[in-house]
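Subject: Structure for your review

Dear colleague,

Please find the structure below, together with its sequence. My notes on it follow.

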Amino acid sequence: MNDERILVLDFGSQYAQLIARRVREHNVYCEIVRADISIEAIRRRNPKGIIFSGSPSSVYETGSPRCHRELLDLDIPILGICYGMQLTCHLLGGQVQNSAHREFGRASCEVFGKNGLTDGLPDEMEVWMSHGDKVVELPPGFQAIAKTSTCPYAAMKHESKPVYGLQFHPEVTHTPLGSALLHNFLYKICHCEGTWHIGDFAAHAIDSMRERIGTDRVICGLSGGVDSAVTAALLYRAIGSQLSCILVDNGLLRKDEQRAVIGEFTNHFKADLHVVQGESRFLTSLAGITDPQEKRRRIGHDFIECFKDEARKIKDAKYLAQGTLYPDVIESGAAPDGPAATIKLHHNVGGLPKELGFELVEPLRDLFKDEVRKLGIELGLPEHLVWRHPFPGPGLAVRCLGEVTRPRLDILRDADEILLEEIRNAGLYRQTSQVFAVLLPVQSVGVMGDARTYDSAVVIRSVNTDDFMTADWSRLPYDLLGRISTRIINEVRGVNRVCYDISSKPPATIEWE
Ligand code: XMP
C-alpha cells in the first residue's frame, strides 16, 4: 500500500515509538525494526530513509546494540539521534567520549552551516538533551552544523553523503522546532511525498479485509472503548451483516454504560449484537476477594468463559476481530524484524485464548492510538466515543478497593458519574487523559446536620499523560475540586469524605490496584 516508508532502528530507546509517531504525523509511513536488521531485509522494505534511535547504552559497552556497518554505505539517507549519532561516528572512525555524567534538560543550540536539515530554522533554538556520552571528534568527511555551550557537535552532516546526526532529541515536545527538523529530513533529504493518510488506510484496510474474509462470519468483542469500536466500524464497512459483535456486561461498568454502548452501536451499525448479562456471574466469583491480582484473574477467567459460551451460539464464525494496536505488536515482539519483546506493564483482560479456534483479524495492528482516533472520526464515529478516556478491562473492580459488592459498586458509580459530569462541564475532559473515582475500604468520622456519620472515603484521580507509561496528576482548579467534593458528599449516600490523589506515575500507578 505504502510505496514510501521510513524505518526507525530501535537501539532500545524509550523514544523509538515516539519517533515513529512523529514521522507519521508528517504523513510518511514509519515502521520500527530491530537495530541489527539484515541489509537484505532493509532492501526488501526499500525505505526512503532510516532513523537510528537513541539508547540507554554506551557505544563502548560490550554487547551494546549495533547495526550493520554497510547500512551507512547504501546511499539511503540516515539520521542518527543521540546514541544513533554516536554510533554513526564510532562506526565511521570518529571519537565518542564516555561520560558518567548525563546532560539532561533544555539547552540553547546555535545552528550554523545551513543545509537541507536545518533549512528555515533560526540561528538559535532550544533543544532537549538527554545523554551521557558525546561525540568529541567527527569522522572524516563530516562537519558540525550546530553546537551548544557544552556540546561542540550538537548536530553533524556528511559533506556529500545523506548522513546526519543530532545529539539532542527532535522527537520530544521540549525541542519546539524538532518537528520542523524531522519535516526537513523527510521532505528535503529523503524526498518523501507524504502518502500516508488515514483515509487511504481505511479504504485499503476495508478492501483487504473484504477480500480475506469473503463470505465468512466475524466475531468482534465490544468493550465501549475506542479500539474495539473502530475495529467494529471498519469491519462493518467491509462485510456488513457478516459481523457479529459481543458485549459482555460484567457488572463492573460505569453507570449506564451498557445502555450507552448499545445505543451507540445501534445508531451506527445494523450488525448482529449479542449482549451477555454477566453481572451475577462476575459478582459471585468476586465475593469475598480483596486481592487485586486475584480479582483480575477471576474476571479474566469469567470473561473468557462468557465470551466462549456466546461465541458458540454464533454459527459459522471463522474469524475473531481484535483491536490490537502497533505498540502492542511492537512490545510483544511480534512485529516482523521488530525489536525484542519488552515487559508489558499490564496484561489485557480482553486477551482471548487460541483454543477458541478462530483466525485473528487485527485491522489496527499498524496504527498508533492517535491514528485510531483519526480513523474513528473518518469512519463517522461520534467525537465523544473517539475521545473517551481508557477504561481498564477489569473495570470498577480495581477501583473498588477491598471487597467488590453491588452496593459498594453503586456508591462508586454515583461518585464517578458526578466527577465526570463536572469535568465535562468545566470543559476539561479532552485536556485530561484519564479521570475516575476510587472507593476506599476505609470509613471515617464526619458530621452531617447534627448527626455523627461514619462513612466511606472516595478518592478522585485525574492524570495527564501521552502514553500511560508515565503520568502526572492534573492540576485541576480548586473551585472545581470543591464543587466535585461537595456534590459527591451531598448526593452520594454513604460517602462523607473526598480526597484528591496527587501522586504521579512512577512511583504510583494510574489505577489503585
Ligand atoms: P497503570 O495503573 O498500570 O495503568 O498505571 C496504565 C493504563 O492501563 C490501564 N489498565 C488496564 N487496562 N486491563 C486493561 O485493559 C487491565 O488490567 C489494566 N490495568 C490498567 C489503566 O486504566 C491505564 O489507562
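Among contacts in the chain between residues at least 6 apart in sequence, what percentage join residues at least 24 apart? The share is 74%, where contact means heavy atoms within 4.5 Å.

Before the details, two remarks on the basis of these values are in order. This is a predicted model, in which local features need pLDDT of at least 70 and side-chain atom pairs count only at pLDDT 80 or more, while totals for chains, interfaces and linings use all residues. Residues are numbered from 1 along each chain as its sequence is written, and side-chain values use heavy atoms, with hydrogens and water left out.

The chain as a whole

The chain contains 14 helices and 20 strands; helices (H or I, at least four residues) and strands (E, at least two) are DSSP runs, numbered from the N terminus. Its radius of gyration is 26 Å, close to the 24 Å that the globule rule gives for 513 residues, so the chain is as compact as a globular protein of that length. The radius is taken over C-alpha atoms, and the globule rule is 2.2 Å times the number of residues to the power 0.38. Along its principal axes, the C-alpha trace spans about 80 × 65 × 40 Å.

Of the 513 residues, 55% are buried, a term that stands for under 20% relative accessible area, with exposed meaning over 50% and partly exposed in between (1.4 Å probe, protein chains only). The chain exposes about 22,900 Å², and carbon and sulfur atoms supply 50% of that area. Accessible areas come from the Shrake-Rupley method with a 1.4 Å probe; for residues, only the protein chains shown count as cover.

The mixed sheet

Strands of a sheet pair through backbone hydrogen bonds, either parallel or antiparallel. Here, two strands are taken to pair if DSSP finds at least two bridges between them. An open sheet of 9 strands has the order β2-β1-β3-β4-β11-β10-β9-β6-β7, with mixed pairing. Its edge strands are β2 (29-34) and β7 (124-131), each of which pairs on one side only. Neighbouring strands of this sheet are turned by 30 degrees against each other on average, direction ignored. Helix α1 (residues 16-25) packs on the sheet, where it touches β1 (5-10), β2, β3 (49-52) and β4 (78-81), and its direction makes about 160 degrees with that of β2. Axes are lines fitted to C-alpha atoms, for helices over the stretch in contact, and angles run from 0 to 180 degrees between N-to-C directions.

Within this sheet, β6 (residues 103-111) and β9 (residues 142-147) run antiparallel and are joined by 2 bridges. V111 stands opposite A146 in β9. Strand β9 also holds I145, which is buried with a relative accessible area of 0%. Between I145 and H158, 13 residues apart along the chain, the C-alpha separation is 10.0 Å.

L138 lies in the loop between β8 (134-137) and β9. At 15% relative accessibility, L138 is also classed as buried. Leaving aside neighbours within four places in sequence, L138 is in contact with G94, Q143, A144, Y153 and M156. L138 and Y153 are 15 residues apart in sequence and 7.9 Å apart in space, C-alpha to C-alpha.

The parallel sheet

A further open sheet has 5 strands in the order β14-β13-β12-β15-β16, and its pairing is parallel. β14 (272-277) and β16 stand at the edges with a single partner strand each, so one side of each is left without a neighbour in the sheet.

Strand β12 (residues 217-222) pairs with β15 (residues 317-321) over 4 bridges. R217 stands opposite A317 in β15, and the bridge partner of C220 in β15 is A321. On to β16 (residues 359-361): β15 pairs with this strand over 3 bridges, and L320 stands opposite L360. Helix α7 (residues 257-268) lies across β12, β13 (243-249) and β14, running at about 175 degrees to β14.

A serine in β18

S462 lies in strand β18 (residues 451-464) and counts as buried at 0% relative accessibility. The side chain of S462 makes a polar contact with the side chain of S474 (2.7 Å). A polar contact is a pair of N or O atoms within 3.5 Å; within protein, one must be able to donate a hydrogen and the other to accept it, and residues adjacent in sequence count only if both atoms are side-chain atoms. Not counting residues up to four places away in sequence, S462 touches residues including T432, D472, W473 and Y500.

With kind regards
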